[in-house]
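Please examine the sequence and the structure shown below. The paragraphs that follow proceed from a single term to the chain as a whole, and then to two individual residues.

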Amino acid sequence: MIYSDQSLITLKEQGYLPEDVHIGPSSVDLTLSSSFCCIEAIEDQEIDIRIEQNFYEWSSTTILLKPNEFVLASTYEEIGVPIDCAAYVEGRSSVGRMGIQVQNAGFIDAGFRGQITLEIQNQSMFNVRLYSGMRICQLVYCQMTSPCFKPYDGKYQFQKGATFSRIHQDVEFYKNIL
């Protein structure tokens with residue numbers, strides 16, 4: 001079941017959403033922060049996910065995305081997800097119509113708190129300028145059948161700013177394949 005504006009207002013009152021957040025009929029609009037990061041790699045370089053990658057971070061009130069360019073960014077807002085909910089990030093139609101795809105791993109587990117890192121790619125054939133403070137994505141909350149036993153407490157809990165992949169920390173996976 002998707003949360004309505006009434007339920008989203010309750011989440012705001014409970015401290016899961018910031019006071020000044022824009023609430024729509026069935027989602028919350030989140031804005032682009034000034035935090036960005038990219039991997040430090042050259043074209044055709046192989047990236048081994050078992051190894052921590054070098055990346056660079058920067059802060060800017062604007063970013064120009066060239067065609068096919070990819071960058072990690074962050075929402076300005078810090079959000080929380082109650083233990084009886086899950087949430088997912090969707091792009092905004094107005095942004096998508098410019099050829100900008102706003103992705104997130106898509107799903108936010110019950111118990112998560114922090115800013116959301118977004119994967120942004122320019123899929124158009126022209127340069128597109130984005131600005132911090134613009135509404136960049138929507139957050140949709142869903143009611144779960146019951147509260148979870150183990151709320152999220154993973155490697156991205158309480159993240160701030162654009163956060164690069166920490167997949168190399170998944171050591172339990174690598175023990176089984178190496």
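A residue is called exposed when its relative accessible area is over 50%, and buried when that area is under 20%. The model discussed here is predicted. Of the 178 residues of the protein chain, 41% count as buried.

Consider next the overall architecture. The protein chain contains three helices and 11 strands. Read from the N terminus, the elements follow the order α-β-β-β-β-β-β-α-β-β-β-β-β-α. The radius of gyration of the protein chain is 17 Å, close to the 16 Å given by the globule rule for 178 residues, so the chain is as compact as a globular protein of that length. Along its principal axes, the C-alpha trace spans about 50 × 45 × 25 Å.

Among the contacts in the protein chain with a separation of 6 or more, 73% involve residues 24 or more positions apart. The accessible surface of the protein chain amounts to about 10,400 Å², and carbon and sulfur atoms account for 51% of it. The chain carries 13 positive and 22 negative charges, whose mean positions are 2 Å apart.

Finally, the backbone deserves attention. Most residues other than glycine have a negative phi. N68, however, has a positive phi near 65°. This residue lies in the loop between strand 4 (62-65) and strand 5 (70-80). Is N68 buried or exposed? Its relative accessible area is 56%, so N68 is exposed.

F158, which is not a glycine, also has a positive phi, of about 65°. F158 is located in the loop between strand 11 (135-143) and helix 3 (171-177). With a relative accessibility of 56%, F158 counts as exposed.

Methods:
Residues are numbered from 1 along each chain as its sequence is written. This is a predicted model: local features need pLDDT of at least 70, side-chain atom pairs count only at pLDDT 80 or more; totals for chains, interfaces and linings use all residues. Side-chain values use heavy atoms; hydrogens and water are left out. Helices (H or I, at least four residues) and strands (E, at least two) are DSSP runs, numbered from the N terminus. The radius of gyration is taken over C-alpha atoms; the globule rule is 2.2 Å times the number of residues to the power 0.38. Buried means under 20% relative accessible area, exposed over 50%, partly exposed in between (1.4 Å probe, protein chains only). Contact means heavy atoms within 4.5 Å. Accessible areas come from the Shrake-Rupley method with a 1.4 Å probe; for residues, only the protein chains shown count as cover. Lys and Arg count as positive and Asp and Glu as negative; His and the chain ends are not counted. The place of a charge is taken as NZ of Lys, CZ of Arg, CG of Asp or CD of Glu.
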